[in-house]
Amino acid sequence: MVQIINSKLFEKISPNDLIEATYKASGNFQVRAFFEAKDEILKTGKYTEEEFYEILDGMVDAETERYLILNKVKGKKPLFLEEIAEIIKEFPPENVIRDIIYLKEQGYIEEHIEIKTKTVIKKIKGEEKEVEEKEYFYRYQVKELPDNFIEHYFEPISIVYDAGVCCQCGWCASICPVNAIAVTADTLEIDDEVCMKCGLCYSVCPRSFSIEQALLSMKKIDKSLQFSEKINGYLNTYSATTTKDKIKKVRQDGGIVTSLLEYLLKNKLVDAIVAVQHSKDFWKPEPVIVDNLNDLYKTGGTKYANASTLAIIGQTKNYKNIAVVGTPCMINAIEKSNLFPTRVPFFNNIKYKIGLFCMESFPYEGVLKLIKEQFDKDFTKVTKMDISGGKFIIYLDSGEDLRVPLNNVKSYARANCHYCEDLTSDYADISVGSIGSQAGWSSVITRSKKGEEIFQGAVEVGLIEFQNLKDVKPGLGLLERIADTKRKNCKPIELIKNQKT
Ligand SMILES: Cc1cc2nc3c(=O)[nH]c(=O)nc-3n(C[C@H](O)[C@H](O)[C@H](O)COP(=O)(O)OP(=O)(O)OC[C@H]3O[C@@H](n4cnc5c(N)ncnc54)[C@H](O)[C@@H]3O)c2cc1C
Ligand code: SF4
Ligand code: SF4
Ligand code: SF4
């Protein structure tokens with residue numbers, strides 16, 4: 001994966017080039033904005049002075065690396081990201097790839113998209129048919145810039161919210177050094193008087209600019225994972241269930257998420273977990289930091305209303321190792337920060353990302369309306385909600401269960417979920433959902449060595465039993481089909497920026 005920038009990375013650069021690049025980097029608009037706001041930042045109490053300088057150092061190092069890379073690709077014809085990474089030997093290929101994408105956003109680099117059409121044979125309703133498919137090829141080239149060119153500064157992410165595509169993950173609120181952003185499950189507000197235009201929020205927001213091409217190119221370099229266009233890179237896929245009665249009482253499906261979290265806490269692999277529990281408003285998810293097993297069991301089960309879980313990560317600074325449970329949009333936000341590391345202390349503490357499958361979520365008010373209009377029931381009587389076999393199901397305290405076709409409830413879902421293409425938390429260490437497995441079991445995708453280790457660890461201590469997902473019905477085939485549908489139906493994001501690209 002991408003290396004966090006440090007001075008070792010500049011070992012292969014001549015002292016003169018490094019001095020020039022660092023000088024240029026320290027004049028960068030965002031670096032200066034951050035530096036000049038030092039007093040305001042320290043006043044918030046979010047960071048110590050030492051942490052402030054660590055973040056500043058990170059910003060200067062990142063700019064220095066970008067400047068050096070830009071100089072090395074100037075004058076070259078349009079190239080694929082992997083080709084550029086091949087040419088530049090001074091930095092790890094992953095860093096080169098992510099920097100090209102960032103330089104594009106800063107206005108230095110142009111993206112050339114070539115579309116080709118190919119004919120493929122596909123099975124449609126049991127019959128093999130020839131189908132035309134479009135293929136997209138992305139190449140990158142340094143722009144010819146006018147003498148008066150001014151680098152794009154990143155606008156505050158209110159443009160994401162105003163465009164109606166914010167997924168309310170809350171990550172920007174945690175990242176903002178001056179606490180200028182307030183995010184809830186439904187709202188986002190920026191205090192313009194406080195914002196100092198450092199651009200950090202924009203660089204990590206999963207909906208600001210796409211990092212898809214960077215991640216796909218990195219996948220081509222990293223051969224350690226199996227790769228599926230539908231569910232992305234993975235090590236193994238399982239169908240699994242918990243063996244523990246206490247977890248069975250609170251779980252949504254196989255209780256795998258809670259079992260993994262119990263394993264992590266008990267074995268001191270983490271000292272805290274960020275998850276959600278029921279708030280005092282029934283069925284409204286409340287993000288929580290959990291550091292003991294009793295509180296952990298309160299987080300079991302799916303709440304279909306969305307939560308801005310990542311907004312509380314900023315409060316986990318004093319825990320050394322944390323695990324985060326989140327929907328794909330949250331996991332994508334964290335992955336983007338992995339690509340553009342901001343060296344904020346709580347980000348480095350995130351050791352495990354446990355991703356959920358997610359087709360869509362609902363506004364809290366939408367969940368209440370749905371229960372009333374579709375089932376004519378009082379939501380306080382509902383003990384569990386589920387989406388399974390194309391139905392939205394509610395379980396009542398009377399023991400009764402009621403179901404309506406999923407299509408009946410689609411209109412209650414959040415509009416911004418239509419801009420989401422990820423069903424299976426593509427960038428988690430381990431992803432968990434129900435599609436593909438039988439009732440009471442979860443489908444599990446391990447995607448990193450860490451993810452596989454904790455799954456096998458929980459199996460070894462007898463917390464989880466499992467089968468191979470490829471050996472169960474409906475299994476991996478159904479999961480891939482539904483994941484593919486979500487990708488294909490995803491709407492493109494178009495932000496209206498003040499600056500021309
Ligand atoms: C909004 C939403 C939509 C989903 N849609 C699908 C789907 O279309 N297909 C599918 O296969 N699976 C979907 N899931 C995942 C599924 O419902 C289960 O969460 C998953 O199978 C794990 O089950 P479990 O028994 O292992 O989890 P449990 O052991 O019951 O643990 C559940 C975990 O989910 C977390 N959680 C609950 N609600 C939320 C929330 N609103 N936001 C963030 N985290 C939450 C809790 O913190 C807890 O850690 C969805 C989940 C959510 C939250
Ligand atoms: S980081 Fe998350 S909450 Fe903030 S603007 Fe982006 S999508 Fe919305
Ligand atoms: S709102 Fe964004 S740009 Fe403004 S100070 Fe916070 S992180 Fe920086
Ligand atoms: S569909 Fe996407 S944007 Fe909506 S809650 Fe799920 S992961 Fe987030």
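User: What do buried, exposed and partly exposed mean here?

Analyst: Buried denotes a relative accessible area under 20%, exposed over 50%, and partly exposed in between, with a 1.4 Å probe and protein chains only. Lysine 372, with a relative accessible area of 48%, is partly exposed. Of the 501 residues of the protein chain, 52% count as buried. This is a predicted model: local features need pLDDT of at least 70 and side-chain atom pairs count only at pLDDT 80 or more, while totals for chains, interfaces and linings use all residues. Residues are numbered from 1 along each chain as its sequence is written, and side-chain values use heavy atoms, with hydrogens and water left out.

User: How many helices and strands are in the protein chain?

Analyst: Helices (H or I, at least four residues) and strands (E, at least two) are DSSP runs, numbered from the N terminus. The protein chain has 19 helices and 17 strands. Its radius of gyration is 23 Å, close to the 23 Å that the globule rule gives for 501 residues, so the chain is as compact as a globular protein of that length. That radius is taken over C-alpha atoms, and the rule is 2.2 Å times the number of residues to the power 0.38.

User: What share of the contacts with a separation of 6 or more comes from residues 24 or more positions apart?

Analyst: A contact means heavy atoms within 4.5 Å. In the protein chain, residues 24 or more positions apart account for 70% of the contacts with a separation of 6 or more.

User: How many salt bridges does the structure hold?

Analyst: A salt bridge is a side-chain nitrogen of Lys or Arg within 4 Å of a carboxyl oxygen of Asp or Glu. The structure holds 25 salt bridges. One of them joins lysine 118 to glutamate 135, with the closest N and O atoms 3.7 Å apart. Lysine 118 belongs to strand S1 (residues 109-124) and glutamate 135 to strand S2 (residues 127-142), so the pair ties together parts that are 17 residues apart in sequence.

User: Which residue forms a salt bridge with aspartate 376?

Analyst: Lysine 372 does, the closest N and O atoms being 3.2 Å apart. Aspartate 376 counts as exposed, at 57% relative accessibility.

User: What is the N to O distance between aspartate 401 and arginine 403?

Analyst: These side chains meet in a salt bridge of 2.9 Å, N to O. Aspartate 401 is partly exposed at 35%, and arginine 403 is partly exposed at 45%. Elsewhere, Glu54, Asp61 and Arg343 are joined into one network by salt bridges that share partners.

Notes. Chains lettered and ligands numbered in written order.
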